[in-house]
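Biologist: I would like to go through this model and ask what lies behind each label. Please give the value and the cut-off each time.

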Amino acid sequence: MRLNGSEMVIHALKNEGVKVVFGYPGGAALNIYDELYKQDFFEHILTRHEQAAIHAADGYARASGEVGVAIVTSGPGITNAITGIATAYMDSIPLVIISGQVPTSLIGTDAFQEIDAVGISRPCTKHNYLVKSIEELPRILKEAFYIARSGRPGPVHIDLPKDISATIGKFDYPKEITLQTYKPTYKGNIRQIKKIAQVIKESKKPILYLGGGCIVSNAAKCIREFCELTHIPVVETLMALGVLPANHPDLLGMVGMHGSYCSNMAMSEADLIIALGARFDDRVTGKLSEFAKNAQIIHIDIDPSSISKIVNANYPIVGDVGNVLEELIPLLKGYEGKNIANWRETLKCYEKLHPLSYEDSQEVLKPQWVIQKMGEMLGDSAFITTDVGQHQMWAAQFYPFCFPRQFVSSGGLGTMGFGLPAAMGVKKAFKDKISINITGDGSILMNIQEMITCFVDNIPVVNVILNNSYLGMVRQWQSFFYDKRFAHTDLSTQPDFVKLAESFGGVGYVCDTKEEFIEALQLAIDSNKPALLDVRIDKLENVLPMVPTGGALFNMLLEYKE
């Protein structure tokens, strides 16, 4: 079959089972968009900004587990997309991003809307390509999807010059790909697995430390089986929320800078940490020299470069988390955990000593109450996306996540403006589920233009704005560590969010009381329209506990006094 380069892109996406593409056209991508116009294999969603296109593809990928796809143009098209690509890269999200490029004869001449897209994207992609001939395009397209979804997933960028997108060539799309220099290890070393089984049996204070790799590898079923067998206490990172249901008896909660007191103390006092798909991020470890000083480390990850990168692993295993657990679980049959009974009792005391809590109020809405009420009303019927800041942490602390991929948030890069477009992608992946974006009055304005995308393409995303008239998390740090010098964090001059929502074709509500919030959330969901809820919360509420930057994990701020 002989096709031009743009037709090859369309047929490759069809062959890969792509159902939706997000993007924004431009001169260098015109040939691709002309073929998009002619096809009916998949849907294209026109976002109003390239960053949002990548975030939407990212949200789609996180919720569905499939590869997200976005198409942008050259120059500012790809530079606008970089924040989204870096967001996906930090959290190991499988994306294929195709950018238009100026014709090959103009590359290097500073032509109109030319930029070194491959050079710019190299630090924040798993792999990238500049297509130099029509002959290599089918192979590159196949490789891109293979690399994006295999091993430790990540974004792959293809830069396609305009002349090649119009050149006709032979389209022989490979059925399978093998790369000599890229062969992910899926099966763990069985001798090492037998060794860690014995170490687990001998441990008196073990902790199961779950990271985002547990979700990426679809290992939740195996992890739940492991927990039912061993009853080893469990902590989750921000990216692992939902691996175990929030009410699971062995789950202590989130660990790290804003993790629960019990989780952080458990990590600090454990004699064995079983790390599954986690990378020992600085937000989890706190001061490295004080982290888990008495613990041996079992580190299981598909990416060998992550093992012992930050914390030295006594028992490293390279492999897929699910595959390794399938080998490990039979070796633990008969393990009753009798030697950890005292450890579990100690942790129960920690839970009672400083549980996650807040002081409710009848005068002003508390953000924690808002999140808890959403959990009561929505439970497992909704996917939750967030932006970044205090609202993200309150959502992580107080929403009862029930299943993997229910929580969609920018963890590693911490990208404000992520929530709304990501919620669009989630809704396109699961049309029968409610898609809620929990956001702040700072974050929501960073990609607010996507409200019109929601209206045009009938994507009824509900945005719950926890409005405290501040850049809340930065303001919190200024309160704690900068003697209340609120340098440029005051957002008290705000748009009318109700009118803003209505101008985009959606609905808006102001919520000052509990009753108003409950009614508004239900009305927004029932409206089946894009919605903004302006929820006026306590302006100076803080996220606690908190481990100060550079502090030891066990040295938490549990309260803040004026």
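Biologist: How far apart do the end C-alpha atoms of residues 4-119 lie, and how much of the span is helix and how much strand?

Modeller: This is a predicted model. In it, the end C-alpha atoms of residues 4-119 lie 26 Å apart, and the span is 46% helix and 18% strand. An unreviewed UniProt entry annotates residues 4-119 as "domain: Thiamine pyrophosphate enzyme N-terminal TPP-binding".

Biologist: Which residues does UniProt list for "domain: Thiamine pyrophosphate enzyme TPP-binding"?

Modeller: The unreviewed entry lists residues 387-535. That span is 39% helix and 17% strand, with its end C-alpha atoms 15 Å apart. The entry also has "domain: Thiamine pyrophosphate enzyme central", which covers residues 193-328. Residues 193-328 are 34% helix and 20% strand, and their end C-alpha atoms are 6 Å apart.

Biologist: How many aromatic pairs does the structure hold?

Modeller: The structure holds 15 aromatic pairs. One of them is formed by Tyr209 and Phe280.

Biologist: Why is the pair of Tyr209 and Phe280 called edge-to-face?

Modeller: Two values are needed, the distance of the ring centres and the angle of the planes. For Tyr209 and Phe280 these are 5.1 Å and 70°. Rings pair if their centres lie within 6.5 Å, and planes over 60 degrees apart count as edge-to-face.

Biologist: How do you know what kind of pair Phe383 and Phe403 form?

Modeller: Their ring centres are 5.4 Å apart and their planes are at 80°, so this pair is edge-to-face by the cut-offs of 6.5 Å and 60 degrees. Phe383 is in strand S15 and Phe403 in the loop between H16 and strand S16, so the pair ties together parts that are 20 residues apart in sequence.

Biologist: Why is Phe383 called buried?

Modeller: Its relative accessible area is 3%. Buried means under 20%, so Phe383 is buried.

Biologist: Arg405 is found in the loop between H16 and S16. Is Arg405 buried or exposed?

Modeller: Arg405 has 13% relative accessibility, which is under 20%, so Arg405 counts as buried. Arg405 also has a positive phi of about 75° although it is not a glycine.

Biologist: Is Asp110 buried or exposed?

Modeller: The relative accessible area of Asp110 is 71%. Exposed means over 50%, so Asp110 is exposed. Asp110 sits in the loop between strand S5 and helix H5, and has a positive phi of about 60° although it is not a glycine.

Biologist: Why does Pro174 count as partly exposed?

Modeller: Pro174 has 21% relative accessibility. Buried is under 20% and exposed is over 50%, so a value in between makes Pro174 partly exposed. Pro174 lies in the loop between strand S8 and helix H8. Its C-alpha atom is separated by 9.8 Å from that of Ala12, 162 residues apart along the chain.

Biologist: What lines the second largest pocket?

Modeller: It is lined by 24 residues, of which Ser357, Leu544, Leu558, Glu559 and Tyr560 lie nearest its centre. By class, the lining has 12 nonpolar, five polar and seven charged residues. Helix H16 gives the most, with three residues. The volume of this pocket is about 630 Å³.

How values were computed:
Residues numbered from 1 in each chain as written. Predicted model: local features only at pLDDT ≥ 70, side-chain atom pairs only at ≥ 80, totals over all residues. Heavy atoms only, no water. 1 Å grid on protein atoms, 1.4 Å probe; cavity = no way out; pocket = protein on both sides within 12 Å on 5 of 7 lines; lining within 4 Å. Points joined across faces, edges and corners; volume = space filled by probe spheres on them. Helix = DSSP H or I, 4+ residues; strand = E, 2+ residues; numbered from the N terminus. Nonpolar A, V, L, I, M, F, W, Y, C, P; charged D, E, K, R; others polar. UniProt positions renumbered as here; feature names shortened; annotations may be inferred. Phe/Tyr/Trp six-rings, centres within 6.5 Å; stacked < 30°, edge-to-face > 60°. Buried < 20%, exposed > 50% of the residue type's maximum accessible area, 1.4 Å probe, protein only.
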